[in-house]
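I opened a new notebook page for this protein and wrote down what I looked up, in order.

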Amino acid sequence: MSGLYKISVTVNGQAYDREVEPRLLLSDFLRHDLGLTGTHVGCEHGICGACTIMFNGEAARSCIMLAVQAEGAELVTVEGLMRDGKLHPLQEAFREHHGLQCGFCTPGMLMTALDFLRTNPAPSEREIREGISAVLCRCTGYQGIVNAVRAAAPVLAAER
Ligand code: FES
Ligand code: FES
């Protein structure tokens with residue numbers, strides 16, 4: 001017995017079949033096995049939010065999940081946001097409104113904000129601040145991020 005488990009997972013629309021150790025973190029699977037290093041790893045214990053991805057349509061922290069838990073799941077990472085070579089409207093808003101500086105928190109911030117706007121398409125500023133509060137940013141003071149999410153909200157709502 002090899003001690004490896006077979007998993008089949010879809011990431012950014014592409015199907016992958018891999019054999020993984022049962023202890024492998026989902027964040028490490030994405031970064032090391034699939035080479036999708038856009039998902040960042042900060043604290044590795046569920047606090048900072050940098051590793052947030054979409055897991056079956058909902059934001060989830062990939063550092064506190066195991067790769068084997070993703071068996072049969074559909075995942076989206078920050079690499080999956082671009083459309084036809086263009087930035088996703090939320091990415092465009094972050095660029096436009098200075099929602100990033102070092103960019104370390106940005107992948108997790110984008111995925112968290114996407115999930116938040118899915119559940120609250122027309123949020124107030126206070127709601128945005130609460131909605132993104134699970135992701136820590138050391139650089140921006142959050143105002144640019146809040147402005148970006150507010151600017152993207154009507155654009156995404158119009159696409160529904
Ligand atoms: S790296 Fe996952 S929450 Fe910090
Ligand atoms: S932009 Fe640097 S941590 Fe958020």
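What radius of gyration would a compact globule of 160 residues have, and what does the protein have? The globule would come out near 15 Å and the protein has 16 Å, so the two agree. The radius is taken over C-alpha atoms, and the globule rule is 2.2 Å times the number of residues to the power 0.38. I also noted the box that the C-alpha atoms fill, roughly 55 × 30 × 25 Å along the principal axes.

Before going on, I jotted down the ground rules. This is a predicted model, where local features need pLDDT of at least 70 and side-chain atom pairs count only at pLDDT 80 or more, while totals for chains, interfaces and linings use all residues. Residues are numbered from 1 along each chain as its sequence is written, chains are lettered from A and ligands numbered from 1 in the order in which they are written, and side-chain values use heavy atoms, with hydrogens and water left out.

**Elements.** I found five helices and five strands. They are DSSP runs numbered from the N terminus (helices H or I, at least four residues; strands E, at least two). From the N terminus on, I read them as β-β-α-β-β-β-α-α-α-α.

**The sheet.** In what order do the five strands lie? I read S2-S1-S5-S3-S4, an open sheet with mixed pairing. Pairing here takes at least two DSSP bridges between two strands. The edges are S2 (14–20) and S4 (58–61), each of which pairs on one side only. From one strand to the next, the twist averages 40°. For angles I kept in mind that axes are lines fitted to C-alpha atoms, for helices over the stretch in contact, and that angles run from 0 to 180 degrees between N-to-C directions.

Next I followed S1. With S2 it pairs in the antiparallel sense, over seven bridges. Thr 10 stands opposite Ala 15 in S2, and Ser 8 opposite Asp 17. The hairpin of S1 and S2 has two residues between the strands, and Asn 12 takes a positive phi near 55° there. S1 (residues 5–11) also runs parallel to S5 (residues 74–76), joined by two bridges. For Val 11, the bridge partner in S5 is Leu 75.

**Helices on the sheet.** H1 (residues 26–33) packs on the sheet and touches S1, S2, S3 (52–55) and S5, its direction making about 110° with that of S2. H3 (residues 106–119) packs there too, touching S3, S4 and S5, at about 40° to the direction of S3. Contact means heavy atoms within 4.5 Å.

**Helices around H5.** How do H3 and H5 (residues 143–158) cross? Their axes come within 11 Å and cross at roughly 45°. That makes H3 oblique to H5, since angles under 35 degrees count as roughly parallel, over 145 as roughly antiparallel, 65 to 115 as roughly perpendicular and the rest as oblique. Among the meeting residues I noted Met 109 and Leu 117 in H3, and Val 149 and Leu 156 in H5.

Then I turned to H2 (residues 89–96), whose axis comes within 8 Å of that of H5 and crosses at roughly 145°. This crossing is right-handed as well. Pro 89, Leu 90, Ala 93 and Phe 94 are the H2 residues that meet H5.

Key: Left-handed = near helix turned anticlockwise from the far one by under 90°.
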